[in-house]
2 protein chains.
Amino acid sequence: MLSDVATRLAEIVGEQQVLTGDQISADYAGDEALTVPGQQPRFLARPGTAEEVAALLVAAAEHGVPVTARGSGTGLSGAARPRPDGLLVSFERMNAVLEVDTENHVAVVQPGVTLSELDARTAEAGLNYTVYPGEMSASVGGNVGANAGGMRAVKYGVTRHNVLGLQAALPTGELIRTGGKLTKISTGYDLTQLVIGSEGTLALATEVIVKLYPRPAHGVTVLAPFEDLNQVLAVVPRIISSGLAPHILEYIDNLTMAAMTYAADLRLGVPDEVRDASGAYLVVGLENRTAALLDGDVELLGTLLGDLGAAEVYVLEGNAARTLIEAREKAFWTAKSIGADDVIDVVVPRSEMAEFLASTRELALKAESGVLGCGHAGDGNVHLAVFQKDPDKRRALLHEIFAEGMAVGGAISGEHGIGNAKRDHFVELEDPAKLELLRRIKQAFDPAGILNPGVLLD
Amino acid sequence: MLSDVATRLAEIVGEQQVLTGDQISADYAGDEALTVPGQQPRFLARPGTAEEVAALLVAAAEHGVPVTARGSGTGLSGAARPRPDGLLVSFERMNAVLEVDTENHVAVVQPGVTLSELDARTAEAGLNYTVYPGEMSASVGGNVGANAGGMRAVKYGVTRHNVLGLQAALPTGELIRTGGKLTKISTGYDLTQLVIGSEGTLALATEVIVKLYPRPAHGVTVLAPFEDLNQVLAVVPRIISSGLAPHILEYIDNLTMAAMTYAADLRLGVPDEVRDASGAYLVVGLENRTAALLDGDVELLGTLLGDLGAAEVYVLEGNAARTLIEAREKAFWTAKSIGADDVIDVVVPRSEMAEFLASTRELALKAESGVLGCGHAGDGNVHLAVFQKDPDKRRALLHEIFAEGMAVGGAISGEHGIGNAKRDHFVELEDPAKLELLRRIKQAFDPAGILNPGVLLD
């Protein structure tokens with residue numbers, strides 16, 4: 001039986017590209033989710049073409065083998081954790097930038113391409129794929145699955161807003177094309193948007209058309225310490241209303257800043273007395289097409305921040321700016337290194353952030369746990385490191401935090417996704433009528449239920 | 001039987017809000033689609049609340065009555081044309097702006113609110129809902145149904161990119177909430193995006209959360225005549241790469257310009273000799289937060305346009321600018337007034353516009369028909385007025401134009417939708433695997449098939 005399936009898979013992708021059992025490296029057992037233990041799949045296949053992906057799905061359906069897709073394995077929800085009886089489809093060989101199109105301002109890529117490769121290729125053309133989820137080794141296909149976000153979402157949106165079209169393999173074996181090199185299209189249900197964020201449960205992207213922006217020639221990072229987090233958060237709508245259109249707008253609490261600067265050996269030039277009086281920081285990224293225009297923007301921002309209570313305004317350029325942003329992007333690793341037991345990314349309306357963060361601190365205190373964090377102040381996406389070793393207590397605390405986020409109009413995840421890690425919470429907390437509808441949509445795509453069963457829905 | 005149903009509807013929305021037969025004004029028989037003849041519905045109901053909308057759907061399902069939703073009836077696809085045996089749900093009473101939220105930069109509105117009302121209310125707060133499909137009496141709910149676009153899509157995207165959440169009534173009777181006052185969310189399939197553009201076939205929006213931007217204080221419209229259309233279209237990617245981020249980027253061919261200026265009694269200050277030597281025009285809208293910054297942008301644009309072959313560069317301000325943009329927005333009415341038999345809005349990759357337009361002229365010539373137009377040069381959305389009185393010949397020509405658009409990577413409609421008017425073309429030209437998937441998604445939402453049957457799919 002096992003060898004029957006393996007033989008069939010080998011017929012599709014070639015013998016070299018199918019591994020089984022112990023041949024499969026432990027790296028394939030999961031992603032970076034802290035609470036989802038790794039799981040070796042029964043089969044690993046590494047297709048080289050879209051047609052091979054589609055044929056793999058047909059074979060899997062025939063043999064009743066569940067299928068999990070894998071990009072770079074950098075996800076934080078456990079959506080790339082395979083099933084013990086399952087087939088892991090790794091997109092590592094489908095990693096080409098097929099086209100950087102300077103007339104339509106798009107790139108066409110295979111799903112296994114990394115953000116870092118795409119960044120290098122678009123830079124050559126003076127263009128920019130603006131989704132930076134903080135991990136440049138992530139794959140575009142993985143980002144499509146999770147609807148990945150990142151810091152620049154405040155200006156440019158998330159993956160959803162920057163993917164214009166897909167080629168995708170349906171679990172029923174057809175290859176379809178959705179969208180195109182088009183920013184507008186009004187011809188039926190938007191299948192592109194439906195596949196984005198579906199965590200490998202509806203269809204597997206085999207080609208992705210992404211939107212590119214001109215790469216701004218000049219950029220700067222501004223750091224402003226404030227007395228407390230509420231002050232930081234109150235400043236955010238004022239900056240957005242100013243029309244400055246920052247591409248980064250982050251808050252960092254002082255404990256997280258301490259851990260980040262320590263881990264990155266980062267010298268920001270903040271004097272001890274300012275640092276000691278500061279409860280939280282605002283980080284603002286600005287960019288413009290000329291140095292003079294950028295100077296004007298920085299001046300306006302400085303005045304605004306001063307008026308709104310910033311203790312100081314530090315304009316970071318070159319290395320210090322890059323290091324701060326990189327340290328912020330690596331906040332997950334920092335949290336992991338200081339012993340966080342989980343990292344979550346609840347999203348709430350911007351106006352609810354201060355109150356929501358106060359609630360989480362109270363909930364954590366009551367549960368004898370710790371939470372600290374940083375997050376995307378511009379879009380209400382709160383990244384929390386949770387410290388609680390006991391899995392039951394942690395589970396109960398997370399449930400309360402998620403419920404609180406939803407109660408103020410938010411959602412369990414802004415950009416990490418549900419995956420395996422948060423599925424039970426999602427199913428318990430989401431409106432049953434919506435869950436039922438999601439299940440019927442899943443059924444419409446995947447009548448045999450072979451794509452990533454257990455992820456997102458039970 | 002008829003009175004049974006009417007009685008049931010009256011129990012839900014009140015007797016005053018149900019009309020039948022001849023009581024129903026002819027205004028309700030359709031929208032502005034030129035080729036979809038009006039059709040009186042059997043019942044008209046005017047609900048006042050989301051709960052009433054949901055109850056109407058339950059009643060309709062019980063009695064097997066097809067349901068069509070109507071906003072302002074300004075659509076161009078015939079999606080609001082009711083069925084002779086059907087119930088028309090008019091959202092005219094659900095027309096309130098519930099909230100303009102200056103902290104989260106969103107507005108919460110009922111579906112029947114007009115763009116004009118929303119524009120006035122957001123202006124008071126210095127904010128802007130940036131979807132301007134060219135008809136300010138259109139309703140937000142109707143725009144959601146069609147995924148309406150408009151000129152500013154080149155900078156701000158279309159309805160899809162500016163709706164963050166919905167309350168919607170499912171045809172199975174439940175009210176659900178999707179999204180929220182959130183620009184990012186990664187918790188399952190995106191139901192907001194699925195309902196947007198579904199032309200009333202999946203669910204009826206009963207509340208809409210839209211994204212608002214700061215309203216730029218300063219704006220200007222630049223008009224540049226060129227020798228021919230190919231020159232105009234070649235300029236477009238250069239302007240986008242410049243980083244100027246225009247919010248309007250339109251082309252107008254010289255015949256359309258003649259009709260527009262005549263219809264609007266518009267004086268643009270273009271001397272006769274320039275006008276006579278110009279085959280097409282580029283219209284660029286720029287905006288910025290200060291007059292000085294805007295001046296700098298205009299200077300850069302002027303240089304760029306001069307270098308790229310513009311015969312002249314006219315900077316229109318105040319009344320002339322407003323009148324030109326309004327005339328362009330009214331291009332549909334101009335086409336109608338000069339006897340166009342249909343107006344279509346194929347979208348193609350920007351780089352394919354010149355060739356696609358040449359093909360359409362050839363196809364029209366062969367079919368002894370006329371086409372002329374204008375369109376969104378920034379996003380490849382080609383608006384064509386088609387002149388051919390014979391319905392069979394016109395149908396055959398449209399089929400060829402649509403097929404040609406799809407062959408170069410485009411789609412039948414960029415922003416008008418499929419509706420009744422283009423359904424047969426859509427079903428004939430679209431990939432059968434995708435159509436099958438659309439039908440299964442429809443089935444997942446609407447097992448009884450009561451929502452707008454015959455629209456989009458057969």
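In the predicted model examined here, N452(B) is placed in the segment that follows α17 (432-445) of chain B, where helices (H or I, at least four residues) and strands (E, at least two) are DSSP runs numbered from the N terminus. Although N452(B) is not a glycine, its phi is positive, at about 45°. With a relative accessibility of 3%, N452(B) counts as buried, the term buried meaning under 20% relative accessible area, exposed over 50%, and partly exposed in between (1.4 Å probe, protein chains only). Residues are numbered from 1 along each chain as its sequence is written, and chains are lettered from A, with ligands numbered from 1, in the order in which they are written. Because the model is predicted, local features need pLDDT of at least 70 and side-chain atom pairs count only at pLDDT 80 or more, whereas totals for chains, interfaces and linings use all residues; side-chain values use heavy atoms, with hydrogens and water left out.

N452(B) is also one of the residues in contact with T201(B), contact being defined as heavy atoms within 4.5 Å. Leaving aside neighbours within four places in sequence, T201(B) is in contact with K442(B), D446(B), L451(B), N452(B), V455(B) and L456(B), and with Y189(A) of the other chain. T201(B) itself is located in the loop between α7 and β10 of chain B, and its relative accessibility of 1% places it in the buried class. Between the C-alpha atoms of T201(B) and V100(B), which are 101 residues apart in sequence, the distance is 29 Å. The loop between α7 (191-195) and β10 (204-211) of chain B also holds E199(B), a residue that has a positive phi of about 50° although it is not a glycine. E199(B) likewise counts as buried, with 4% relative accessibility.

A153(B) belongs to helix α5 (residues 153-156) of chain B and, at 8% relative accessibility, counts as buried. Apart from neighbours within four places in sequence, the contacts of A153(B) are K184(A), V158(B) and D379(B). A153(B) and G142(B) are separated by eleven residues in sequence and, C-alpha to C-alpha, by 17 Å in space.

Two residues of chain A were examined in loops. T74(A) is found in the loop between β3 (67-70) and β4 (87-90) and is partly exposed, its relative accessible area being 24%. When neighbours within four places in sequence are left aside, T74(A) is in contact with E32(A), E135(A), S137(A) and A138(A), and its C-alpha atom lies 8.1 Å from that of G142(A), 68 residues apart along the chain. T290(A) is situated in the loop between β14 (280-288) and α11 (291-307) and counts as partly exposed at 28% relative accessibility; the C-alpha atoms of T290(A) and H218(A), 72 residues apart along the chain, are separated by 6.2 Å.

At the level of the whole chain, chain A contains 17 helices and 18 strands, and 59% of its 458 residues count as buried. For 458 residues, a compact globule would have a radius of gyration near 23 Å, and the 22 Å of chain A agrees with this; the radius is taken over C-alpha atoms, and the globule rule is 2.2 Å times the number of residues to the power 0.38. The C-alpha trace of chain A spans about 70 × 55 × 40 Å along its principal axes. Among the contacts in chain A with a separation of 6 or more, 74% are accounted for by residues 24 or more positions apart. The accessible surface of chain A, computed by the Shrake-Rupley method with a 1.4 Å probe, comes to about 16,400 Å², of which 48% belongs to carbon and sulfur atoms.

As for the arrangement of the copies, chain B is superposed on chain A by a rotation of 180° with 0.0 Å of shift along its axis, at an RMSD of 0.0 Å, and the two copies are thus related as by a two-fold rotation axis. The superposition is by least squares on the C-alpha atoms of residues with pLDDT of at least 70 in both copies. Of the interface residues of chain B, 100% are also interface residues in chain A, so the copies meet through the same surface.
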